[in-house]
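My notes are below, in the order I looked things up.

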Amino acid sequence: MKVLIIEDEAPIAYYIEDSVRSILGDKDMQFFRATSPQGALDIIGEGDIDLCLLDLNLSGRDGYQILEETAHRSFHTIIISAHIELAAKAFEYGVIDFVPKPFNQVRLKQALDRFLSEQRSPHSAKYLAYRMGNKNCLFLVDDIRLLKGCRYLVEAWLKDGKTVLLEKSLNRLEQILPSNFIRIHRSYITPLDQIAAFEHMGGSRYRVLLKDGTEIPLSRERVRMLKNHLIEEKE
Amino acid sequence: MATGELCLHSMTRCENNIHRSEMKTPSTRILVVFMGFFFLMVQFLGSEPLGPAEYDDKKSDGSLATHAFILLSWKLYQGDDPDWAMPETDDSGWKQIENIFAHAQPKAQFWLRKTLTIPMDSDESNPLTILIYNLPTAFELYWDGIKIGENGSVGRNLEEEVPGTTLFIRIIGSSLLQRGEHVLAIRGSNFHVKSPGLFREITIGKWNVINNRLQARVYPRLVFSGFFFLATFLAVFFFFRHKRNPSLLFFGFYTVLNFLQTVWILYIDSAPVSTPFFAVMEPLEIISFTLSYLFLTFFVIWHFRLTRPLMLSAVVSILALSPFIIQEQLMSAVNTSSLMFTAVALVISVASTFRGERGAVLMLIASFSLFLRRLILLFPSLALYLQPMMTSIFRSVLLQGISLLFFLAAISLRIRDENRKLHQLELRSRRLEAELLKKSIQPHFIMNTLLSIKSWFRRDPVKGEAMIDTLAEEFQLINQIMTQPLIDISEEIRLCKSHLTLMGLRCDVGFELVSQGDFDHIRVPPLLLHTLIENGLTHSYEAGEEGTFWLHCRKKGTQMELTVANNGSRIQKLDHQSENSIREGMGLHYIKTRLEETWPGNWQLHAGVVDGLWQVHIIIHEGDTA
């Protein structure tokens, strides 16, 4: 596992690294350290980071800059910062947890567990991002009709008809999306309000019909879950 | 100025303009209140039953029964002959004076004659009375050839003459008084007068009217002497509370001198006549009179806070005192001088009103009243055209009363403004203290530092301990200095060094502070330099980069220069736009507020790259420390 720590004060960076190591035990881990936004982007560009631990106030700079730059990436981000007033906005960009400084081992473990066990983030994202050429583009989560997992990427079908490609896996996206987004299939996530109906095709095959007419497969294991969600919605 | 530089200076003028336009309405309210007082005062002082200046024989409408008349037209002859008292004497060859107020007295023996027609019979209970006020120097009064009174002793020369009293009243006995024509003659001499002026008041009327007139002279003066006394007391009291501006002290001098003059005039009635009326001739009186106007002008100059008041006062004094050297007649010199002083006060008030200064209208009315008073007394013929308002003595006191009231109004307004400003300063001080506290124990700073200490525990516990000690030291220092508006710079330097040690431990690099220059007796607001150093640490250095801060201090007379420079590498690669927005953050706001609080309007701040170092340069003009 590759972990990137973006923190400008060396003692704290080492402490974070030591803490993560001791919490995660013997896992095969590689740590990288960046002290500036540019340094971070360089490291990210080189390899596949799995997890990023980010301090929002890097040498007085605005930390959201980094979030905006990295929101489209495949890795998850945990913020470790003394500026708790920045938490709400950070979650809008889709971070998986916000650990206030000074942290203790218990709290850090909680955040790391969230990452590892694919639990949902305490606050869902408002924006997702994709890369177009050299630009990072943000779009609202509310504009999503359907998320379809492809081989290495995820297709996001938007309400305006556009289709964009996201780098995060469906598992990782599921962690930061609001609870009204349902994983109806290994390869599909859709918001509940987009579902018009679902039907049994016979045998173990089920199908969901979206309001726009799209038909997508529904896993047999998830039928019950979907039923429960629909009933809850009706109530 | 190179790109990336920042230049700030005091914004007092701008703030003043805002202040002025906000506050115009209360000034009108005060004006209305004082106008009310003014009208009340007019009522209180009553109306003076003085009729037209001349007693008109042809209009024998009995008005002599209810009015007193100043006798204006006379026949004058220079010389002396006892026969001239007789009614039969042919005075057709005598000089006819139409207006005795406009005619200069001869410095010799003289006779005045006048024919009167008395329309009614005498009345024992309310006899006809003659009032002669301040007719120098000695005279005898003849009614139809009979000597009815004398004031002093008429003489042929200085040695023979004995001056009479200023106030002279004579009741005309009923036996002398019947309906019909009578001849009033005055035999006088004025050798005691140094420079004779114009003739003064000779009035005839019924006793009750004359008596009222006398009372009307005294009562307003008593009231005014009280006003002036009280005003002096108030002026001096408030001066000691607001020692910065001497305007109140000058006003106090003005009022105390007027108090003395007012009181003096009450005693002058029984004083020997040796002087014309405008002001008493004794040098002390002239000096006090002139000085009172001098101090009045100084008061106006300092009240409006004109630039270079000392030079202006000196120039005005020289100009307005020059009549004493230029003019021969002492009395006219006194008049010209006082007129010039009040004219200057008036001009300054007018200019200030046009500039929209707060309370300037009040000062304008007051100055104008005084100016008018001087002007009218200078041209008694002018006064006649404005009669009956201006001829009587107490009416001129009325003008002075108006001016006193409005000056006091302007002063009260100023005092109220100062109090308000003081109150705001107090509030600002308290706010600054709170800001300082918030700044110095910012949660982010503490949280990061605590985490840093934790970090050191595992790797190097000694450094962790050192961090705790340094943090404690920093808090102790802040606690000591935070309630004071100014601290010795050595304490601030100690605080900065402590902070740099702490930040060095946090970043695991070395930060140091080098101080150069003379630091004796230099006082700065708390956390001023600390904030600059904090800013430098945050924005100038890359992670892991060690740094040096230089503090340079120089004092040139009343000017103090502080320079804080650092060698952070990030400064060289500034993105100007983003840096500017960062600069306007909390740190710089705190510095601006502190500088403005301590040296309002007297500071400048420049920030930019100089010789490869990021430098913040503060220039302070001391002298007027809050």
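**Ground rules.** I'm working from a predicted model, where local features need pLDDT of at least 70 and side-chain atom pairs count only at pLDDT 80 or more, while totals for chains, interfaces and linings use all residues. Residues are numbered from 1 along each chain as its sequence is written, chains are lettered from A and ligands numbered from 1 in the order in which they are written, and side-chain values use heavy atoms, with hydrogens and water left out.

**Chain B overall.** I found 17 helices and 18 strands in chain B. Helices here are DSSP runs of H or I with at least four residues, strands are runs of E with at least two, and both are numbered from the N terminus. Of its 626 residues, 52% are buried; that means under 20% relative accessible area, with exposed over 50% and partly exposed in between (1.4 Å probe, protein chains only). I also looked up contacts (heavy atoms within 4.5 Å). Taking those in chain B between residues at least 6 apart in sequence, 77% join residues at least 24 apart.

**L364(B).** I picked this leucine out of helix 9, residues 360-378 of chain B. Why does L364(B) count as partly exposed? Because its relative accessibility is 22%. Beyond its neighbours within four places in sequence, L364(B) is in contact with L346(B), S349(B), V350(B) and T353(B).

**Where B meets A.** I get 21 residues of chain B in contact with 20 residues of chain A. Together the two chains bury about 1900 Å², 56% of it on carbon and sulfur atoms; buried area is the accessible area (1.4 Å probe) that two parts lose on being put together, summed over both.

Next I checked charges: the rule finds two salt bridges across this interface, each a side-chain nitrogen of Lys or Arg within 4 Å of a carboxyl oxygen of Asp or Glu. One of them joins D18(A) and R459(B), with the closest N and O atoms 3.9 Å apart.

Which helices of chain B supply at least two residues each to the side that touches chain A? Helix 12 (443-459) and helix 14 (489-507) do. Helix 12 gives the most, with eleven residues.
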